[in-house]
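Good morning, everyone. Please bring up the sequence and the structure, and keep both in view while I talk.

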Amino acid sequence: MEKTIIDVLKTQRKFQLSADSKNINNRISALKRLKSSIKIHEEELLVALWKDLRKSRFESYTTEIGIVYSEIDLHIKNIKKWASPKKVSTPQIIHFYSVSKIYKKPYGQVLIIAPWNYPFQLLINPLIGAISAGNCAVLKPSEYTPNVATVLQKIIESAFNKELVAIFLGGIELNTLLLQQKWDLIFFTGSPKVGKIVMKAAAENTTPVILELGGKSPCIIDKDANLKTAASRVVWGKLLNAGQTCIAPDYFMVHKDVKQKFMSLLADKTETFYGLNAKESEDYGRISTKENVERLSKYLIESEIYYGGEYDIEQKYFQPTILNNVSYNQPVMKSEIFGPIFPIIEFDDINEVIGYINKNPRPLALYYFGENKKKQQFVLTNTNSGGACINEVVMHIANHNLPFGGVGNSGIGSYHGKTSFEAFSHSRSVIFKSTFIDIKLRYPSYSKFKERLARLFM
Ligand code: NAD
């Protein structure tokens, strides 16, 4: 395997130096080929997403495939504009007769590693940015979604030669091999734990990294929140992909005056969306592995279950579950849940909530429900997170004009839309100077007079 990887890297490096790799029209054709290859395999992909994660067709289209089509179209439409050199102003007093421009250069060869929870979208969306910016790419989908990985391989291999995009299937061993190679950029989506492994490997070659990680995203329900709408949006966002979404609201801090009402609405909405028995709903997903069902079940021990609590390890099913009166010390508050559990923590004073959030690693997302504009700003001003929504959850991901990414423990760098093009490009600063005149001030030997002049100009 190592030899194959090294051979692919060699051909890709050669391609990077060719005139073909520099032609923007070739990037546009590559994206068009990608789109038609996905279209050809779309049905297979929907079946694979059902087999691996029991994702409904609606969820698979809206959260995996549709997002990718829109991203491809956006890049095709804008690459030429984004890639054109941008003239910036030049202080003429220092740079007499000069023009300054920023050129967007591809990094070169990028490695893209994806997780299993949105196994299609999280591999292909970064690839779109990589191609659009003119890079070659090697892709490594997650080993936990083998059916999707097989379709991904077909999509990629029918759209591209290995010199532009190659894909390798495998697990940790393969990842370790890939991370030992020299890359110009590594784009990794996954857990903060593996993110650190990636960053350490990248440090060996001072390779830049984009890390799209996870964490515990808080959701605050204040006493003036529109509770009905909040409950609908929260239940939808939390139970997408059975809670296995990086920006799912992880835990809920609810004002004591509305807690009882809010919990009852959460339970109602769950039944409205998925019926009395979510296990029978075609729209309710499954947990990735039996081990993860067991891991989630441990959160129920010594917890006050307000709603749900059933699970079936063999079927990888976990019922939507609301835990009441959760304390900060419970295991469910110690790591990212990544499952359909709603821990409810009661609060009285918003400062207490903000204090708790700020004591913990910066989350990937933060959600606040409340109608008072000053309070909304207060929460935004006094906290930090990758992204945030007011009176909404998850949907900030669906606007390509908003850079998507984490901060601190939840990630480094961001992408989507134009930000993806930027993420996969190096900004090369260039000054064009005339030889018409050569001002001697900067050349030695220096004198008091020259120093006075320098101080005057700078
Ligand atoms: P993971 O970190 O376990 O795995 C991600 C990738 O890393 C996989 O391809 C896997 O093969 C590889 N990997 C696993 N262990 C490795 C090791 N020891 N050495 C080298 N490579 C290794 O993550 P996951 O369980 O697949 O996904 C869940 C995590 O991803 C959650 O934390 C979630 O929040 C996060 N996530 C983040 C985003 C985002 O956009 N920020 C999106 C989805 C998921």
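Start with Asn 391, which sits in the loop between strand S16 (387-390) and strand S17 (404-405). Strands here are DSSP runs of E with at least two residues, helices are runs of H or I with at least four, and both are numbered from the N terminus. A word on the source: this is a predicted model, where local features need pLDDT of at least 70 and side-chain atom pairs count only at pLDDT 80 or more, while totals for chains, interfaces and linings use all residues. Residues are numbered from 1 along each chain as its sequence is written, and side-chain values use heavy atoms, with hydrogens and water left out.

Back to Asn 391. Its phi is positive, about 55°, although Asn 391 is not a glycine. Most residues other than glycine have a negative phi. Is Asn 391 buried or exposed? It is buried, with a relative accessible area of 17%. Buried means under 20% relative accessible area, exposed means over 50%, and partly exposed is in between, using a 1.4 Å probe and protein chains only.

Now Lys 316. It also is not a glycine, and it has a positive phi of about 55°. Look for Lys 316 in the loop between strand S11 (311-312) and strand S12 (317-318). Lys 316 counts as partly exposed, at 26% relative accessibility.

**A cis peptide bond**

Most peptide bonds are trans. Which residues does a cis bond join here? Pro 444 and Ser 445, with omega at about 5°. Ser 445 lies in the loop between S20 and helix H14 (448-457).

**Strands**

Next, S16 itself. Its covered face holds Gly 387 and Cys 389. Its uncovered face holds Ala 388 and Ile 390. In a regular strand the side chains alternate between the two faces of the sheet. S16 is joined to strand S15 (residues 365-369) by 4 bridges, and the two run parallel. Two strands pair if DSSP finds at least two bridges between them. Find Tyr 368, and opposite it in S16 stands Ile 390.

Now an open sheet of 3 strands. What is its order? S1-S2-S20, with antiparallel pairing. Strand S1 (86-88) and strand S20 (425-433) are the edge strands, each pairing on one side only. On average, neighbouring strands of this sheet are turned by 30° against each other, direction ignored. S1 and strand S2 (residues 98-106) run antiparallel, joined by 3 bridges. Lys 87 has Lys 101 in S2 as its bridge partner.

Two packed helices are described by the angle between their axes and the distance between the axes. Axes are lines fitted to C-alpha atoms, for helices over the stretch in contact, and angles run from 0 to 180 degrees between N-to-C directions.

Helix H2 (residues 24-53) packs with helix H3 (residues 57-83) at about 175°, axes 10 Å apart. H2 and H3 are therefore roughly antiparallel, a label for angles over 145 degrees; under 35 is roughly parallel, 65 to 115 roughly perpendicular, and the rest oblique. The residues of the H2 and H3 contact are 16 nonpolar, 3 polar and 10 charged. Ala, Val, Leu, Ile, Met, Phe, Trp, Tyr, Cys and Pro count as nonpolar, Asp, Glu, Lys and Arg as charged, and the others, Gly among them, as polar.

On to helix H4 (residues 121-132). H2 and H4 pack at about 160°, with axes 9 Å apart. That makes H2 roughly antiparallel to H4. Their contact divides into 8 nonpolar, 1 polar and 1 charged. Residues of H2 that meet H4 include Leu 31 and Leu 34.

**A buried asparagine**

Finish with Asn 241, in the loop between helix H8 (227-239) and strand S9 (251-255). Asn 241 is buried, with a relative accessible area of 1%. What does Asn 241 contact, leaving aside neighbours within four places in sequence? Leu 53, Lys 55, Glu 59, Asn 117 and Tyr 118. Contact means heavy atoms within 4.5 Å. A polar atom of the Asn 241 side chain lies 2.9 Å from the backbone oxygen of Asn 117.

Terms used. Polar contact = N/O pair within 3.5 Å; in protein donor to acceptor, adjacent residues only side chain to side chain.
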